[in-house]
Amino acid sequence: MEYIQWQPAFDLGDETIDSQHRELVRILNETYEMMLSYARLPLFLGKIAELKSYVVEHFTYEEKLMESIAYPKLISHRKLHREFVKELIELEGKIRKGKKSASAEVFIFLRDWLIEHIQVQDRGYSALLT
Ligand SMILES: [Fe+2]
């Protein structure tokens, strides 16, 4: 079973944003799978690097979009994005040090954050897109 299963409630109605969110969930699921299957460290770290760069790319896109519609909550939303990237860097560090159980906790954080973020925070600006 997938770590995060895509739910219809995650769809925000913007084709680009929705497909980026699906891709994000797909890569996070792959990363989680690699943790469970004891993937070799270089492969695992490579997957986390892929996740991190996709997350940054997606957040940059979203922030530009929010800027273009003068979204009033842009600054606080951007702060949330930064915090997520910080957690990813923390996860990377824990895995590098072989702290597998500690990384399991980070995965729970990433999953819960992502689901809440898509359903609540991103819905805020996407409702204003036409
Ligand atoms: Fe967002």
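Biologist: Where is tyrosine 38 found?

Modeller: This is a predicted model, and the description below rests on it. Tyrosine 38 comes after α1 and has a positive phi. The segment in which tyrosine 38 is found is the loop between α1 and α2.

Biologist: What is the phi of tyrosine 38?

Modeller: Most residues other than glycine have a negative phi. Tyrosine 38 is a residue other than glycine with a positive value. Its phi is near 50 degrees.

Biologist: Which residue with a positive phi follows α3?

Modeller: The phi of this residue is near 80 degrees. The residue that follows α3 is a glycine, namely glycine 98.

Biologist: How many helices and strands does the secondary structure of the chain come to?

Modeller: From the N terminus on, the elements run α-α-α-α. The count is four helices and zero strands.

Biologist: What is the radius of gyration of the chain?

Modeller: For 130 residues the globule rule gives 14 Å, and the value for the chain is close to this, so the chain is as compact as a globular protein of that length. Along its principal axes, the C-alpha trace spans about 45 × 30 × 20 Å. The radius of gyration is 15 Å.

Biologist: What share of the contacts in the chain with a separation of 6 or more comes from residues 24 or more positions apart?

Modeller: The share is taken over contacts in the chain with a separation of 6 or more. Residues 24 or more positions apart account for 66%.

Biologist: How far apart are the end C-alpha atoms of α1?

Modeller: Helix α1 has 22 residues, which at 1.5 Å a residue should span 32 Å. The model agrees with this expectation, because the end C-alpha atoms are apart by 32 Å.

Biologist: Within what arc do the buried residues of α1 fall?

Modeller: The buried residues of α1 are Ile17, His21, Val25, Leu28 and Thr31. Seen down the helix axis, they line one face of α1. On the other side, Glu15, Thr16 and Ser19 are exposed.

Biologist: Which residues of α2 are buried?

Modeller: The 28 residues of α2 should span 40 Å at 1.5 Å a residue, and the distance between the end C-alpha atoms agrees. The buried residues of α2 are Lys47, Ile48, Leu51, Val55, Glu62 and Met66.

Biologist: Which residues of α3 are buried?

Modeller: Helix α3 covers residues 74-96 and reaches 33 Å from its first C-alpha to its last. Its buried residues are Leu88, Leu91 and Ile95.

Biologist: With which residues is isoleucine 48 in contact, leaving aside its neighbours within four places in sequence?

Modeller: Isoleucine 48 is one of the buried residues of α2 and belongs to the largest nonpolar core. With those neighbours left aside, its contacts are Thr31, Leu91, Glu92 and Ile95.

Biologist: With which residues is phenylalanine 107 in contact, again leaving aside its neighbours within four places in sequence?

Modeller: Phenylalanine 107 lies in helix α4, residues 100-126. It is partly exposed, with 17 other C-beta atoms within 10 Å. Its contacts, with those neighbours left aside, are Tyr32 and Met35.

Biologist: How far apart in space are glutamate 105 and leucine 91, C-alpha to C-alpha?

Modeller: Glutamate 105 lies in helix α4 and counts as exposed, with 12 C-beta neighbours inside 10 Å. Glutamate 105 and leucine 91 are 14 residues apart in sequence. Their separation in space, C-alpha to C-alpha, is 9.3 Å.

Technical notes
Residues numbered from 1 in each chain as written. Predicted model: local features only at pLDDT ≥ 70, side-chain atom pairs only at ≥ 80, totals over all residues. Helix = DSSP H or I, 4+ residues; strand = E, 2+ residues; numbered from the N terminus. Expected span 1.5 Å × (residues − 1). Buried ≥ 20, exposed ≤ 12 C-beta atoms within 10 Å, placed from the backbone. Core = buried A, V, L, I, M, F, W, Y, C linked by C-beta atoms within 7 Å. Contact = placed C-beta atoms within 7 Å. Rg over C-alpha atoms; globule rule 2.2 N^0.38 Å. Arc of directions from axis to C-beta.
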